[in-house]
Amino acid sequence: MTRSHLVTPVQDALTAFTQGSVTAFALSHTARDQADLLAALPPRYAEVLHGLLDRLESSALFSEESCSFSQKDLVDSLQMWVDKARGVLEGH
């Protein structure tokens with residue numbers, strides 16, 4: 001059995017965020033709270049995830065126009081992180 005289910009809470013929160021039903025801060029809190037997921041991945045994954053979440057939280061404090069990076073790009077990067085983490089957990 002793979003451990004790919006560990007990434008599900010992050011994927012669900014990311015989906016909810018893109019649909020506008022949770023805030024960037026709620027997504028960040030959910031993702032940061034996944035100790036089992038982060039422990040199951042190489043340490044670099046936690047560093048990258050936290051960096052993306054820090055930028056997402058920062059972008060949420062400003063309007064899209066005044067921010068130096070777009071939330072859409074961050075969401076795309078977070079989705080890529082989720083996909084890669086799932087691949088690692090599935091042993092690919």
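Which helix holds Ser 77? Ser 77 sits in helix H5, which covers residues 71–89. Helices here are DSSP runs of H or I with at least four residues, numbered from the N terminus. This is a predicted model, in which local features need pLDDT of at least 70 and side-chain atom pairs count only at pLDDT 80 or more, while totals for chains, interfaces and linings use all residues. Residues are numbered from 1 along each chain as its sequence is written, and side-chain values use heavy atoms, with hydrogens and water left out.

Stay with Ser 77 for a moment. Its relative accessibility is 27%, so Ser 77 counts as partly exposed. Buried means under 20% relative accessible area, exposed means over 50%, and partly exposed lies in between (1.4 Å probe, protein chains only). Leu 38 is 39 residues from Ser 77 in sequence and 17 Å from it in space, C-alpha to C-alpha.

Now look at how H5 meets helix H1, residues 8–18. Their axes come within 10 Å and cross at roughly 160°. So H1 runs roughly antiparallel to H5 (the term covers angles over 145 degrees). Axes are lines fitted to C-alpha atoms, for helices over the stretch in contact, and angles run from 0 to 180 degrees between N-to-C directions. On the H1 side, the contact includes Val 10, Gln 11 and Leu 14. On the H5 side, Val 75, Leu 78 and Val 82 are among the residues taking part. Contact means heavy atoms within 4.5 Å.

Gln 11 of H1 is worth a look. Gln 11 counts as buried because its relative accessibility is 15%. Leaving aside residues up to four places away in sequence, Gln 11 touches Gln 79, Val 82, Asp 83 and Arg 86.

Next come the charged pairs. The structure holds five salt bridges. A salt bridge is a side-chain nitrogen of Lys or Arg within 4 Å of a carboxyl oxygen of Asp or Glu. One of them joins Asp 76 and Lys 72 at 2.8 Å, N to O. These two are four residues apart in helix H5, so about one helical turn separates them. Asp 76 is partly exposed at 37%, and Lys 72 is exposed at 55%.

Another salt bridge joins Arg 32 and Glu 57 at 3.5 Å, N to O. This pair links distant parts of the chain: Arg 32 is in helix H2 (residues 24–32), and Glu 57 is in helix H4 (residues 43–60). Arg 32, Asp 54 and Glu 57 are linked in a network of salt bridges.

How values were computed:
Parallel < 35°, antiparallel > 145°, perpendicular 65-115°, else oblique.
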